[in-house]
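User: I am new to this structure and would like to understand the words used for it. Could we go through them together?

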Amino acid sequence: MLAATTTPAFAETSYVSAARLLDVESGRYVEAPLITITDGKIAAVESGAAAPEGAKLVNLPGMTILPGLIDMHVHLDGRPEYGGYSGLQFTDRFWTVIGVVNVGRMLKAGFTSVRNLGADDYNVVGLDQAIEEGWLQGPRIVNAAHALGATGGHCDSTFLPPSFVDKSPAVGDSPDELRKRVREQRKYGAEVIKACATGGVFSRNTAPGIQQLTQDELVAIADEAHFWGLKAAAHAHGAAGIKAAIAAGFDTIEHASYIDDEGIALAKKHGTFLSMDIFNTEYTLSKGAENGVLEENLAKERALGQIQRNNFRKASKAGARMVFGSDAGVMPHEDVGGQFRVMVEYGMTPIDAIRAATINAAEALGQSGQVGVIKPGAWADLIAVDGDPLADVGQLADVDFVMKGGVAVQ
């Protein structure tokens with residue numbers, strides 16, 4: 001990280017300057033920018049101006065400024081080092097402390113906003129509250145609390161025998177039950193609702209391609225979430241489950257591994273965002289076995305990883321709306337910036353990959369104009385890299401400077 005003086009939170013006025021600024025909306029550079037920050041938000045963006053004499057200034061000579069990045073699919077209370085049954089050796093509160101480490105690492109990696117799609121024991125609700133109260137440095141969190149699903153499905157507890165009586169508190173097996181689960185998660189802090197429409201990779205006795213919630217159940221979840229003013233995200237690998245979730249009104253589809261042409265067309269028609277985690281395959285297949293991931297789960301990853309990447313290319317080329325989602329927790333949180341390289345490798349232009357993690361993600365969060373842009377009225381969430389990310393998007397895997405809400409991150 002580039003050394004920088006920490007600006008006090010909610011300073012009256014401060015300034016940031018650099019060699020250039022990437023306007024992610026136009027895709028063009030602003031030369032010699034000066035950003036004026038008041039009370040943590042951007043007040044002005046000028047080109048060629050100078051800060052007033054004696055003003056508080058963070059100067060980043062030779063560097064390129066971008067908006068703080070947004071990861072739309074993370075699990076802040078998990079680590080990939082503890083796969084399979086290995087996590088059972090720890091007390092429940094261990095994972096809350098792990099979350100404290102993860103939020104710091106994600107922030108330093110340049111992700112100033114994240115969407116947490118599933119956590120145990122309301123761990124991330126507590127993390128979010130600690131960050132908001134100033135006890136902890138971390139990204140802005142939009143939190144799903146527990147993920148909803150069917151009994152015995154991907155979002156249930158599937159690793160232990162019946163004698164352990166282990167069951168997720170957010171499963172339901174009818175539209176009415178699942179409406180109640182939405183209300184319960186919102187009651188205890190959920191700001192987005194996640195549901196598992198299909199099986200998944202990191203569960204037992206579930207097939208990623210098989211739908212696990214009925215159409216009526218999916219409609220009930222999405223409708224209830226929207227009734228309460230919340231967005232709805234659907235974990236969906238299989239083609240049928242993807243199309244069912246889009247038709248039900250879900251705002252984002254997570255993974256979308258087996259999406260077909262009809263599913264892509266349906267996503268475009270409904271304006272549904274696709275969040276496809278195409279980087280973590282490399283980590284899972286290289287490190288999973290030594291981390292305790294079961295062969296059943298590794299086999300599922302081997303079967304779908306390349307298919308998902310190929311379908312990412314197809315969906316992007318077709319003009320589907322895409323957001324950046326890493327599934328951090330399946331891979332290390334501090335390394336997720338490496339996904340930008342893979343997104344470009346599989347068909348995106350650098351600017352479109354950057355937009356997926358800025359303006360597209362902000363729109364999918366319902367926070368357009370607040371995050372993901374550098375313009376008046378937005379939070380002063382900034383990153384800087386020592387180079388040209390439009391020429392080498394891999395620069396975003398090694399961010400040199402991070403500021404959140406006008407405060408430089410050390």
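**Rings, charges and a helix**

Analyst: Gladly! This is a predicted model, and counting rings whose centres lie within 6.5 Å gives 11 aromatic pairs.

User: What makes Phe94 and Trp95 an aromatic pair, and of which kind?

Analyst: Their centres are 4.8 Å apart, and the limit is 6.5 Å. With 90 degrees between the planes, Phe94 and Trp95 are edge-to-face too. Ring pairs join Tyr82, Phe90, Phe94 and Trp95 into a cluster.

User: How do you know whether Trp95 is buried or exposed?

Analyst: Buried means under 20% relative accessible area. Trp95 has 17%, so Trp95 is buried. Tyr82 has 30%, so Tyr82 is partly exposed.

User: What makes Arg140 count as lying over the face of Trp379?

Analyst: The distance limit is 6 Å from the ring centre, and Arg140 lies at 4.2 Å. Lys41 also lies over the face of Trp379, at 4.8 Å.

User: Which residues of helix H6 are buried, and how do you know that they share a side?

Analyst: Gly263, Ile264 and Ala267 are buried in H6. They cover an arc of only 100 degrees around the axis, which puts them on the same side. The face turned away from that side carries the exposed Asp261, Glu262 and Lys269.

Technical notes
Residues numbered from 1 in each chain as written. Predicted model: local features only at pLDDT ≥ 70, side-chain atom pairs only at ≥ 80, totals over all residues. Heavy atoms only, no water. Buried < 20%, exposed > 50% of the residue type's maximum accessible area, 1.4 Å probe, protein only. Helix = DSSP H or I, 4+ residues; strand = E, 2+ residues; numbered from the N terminus. Arc of directions from axis to C-beta. Phe/Tyr/Trp six-rings, centres within 6.5 Å; stacked < 30°, edge-to-face > 60°. Lys NZ or Arg CZ within 6 Å of the ring centre and 35° of its normal.
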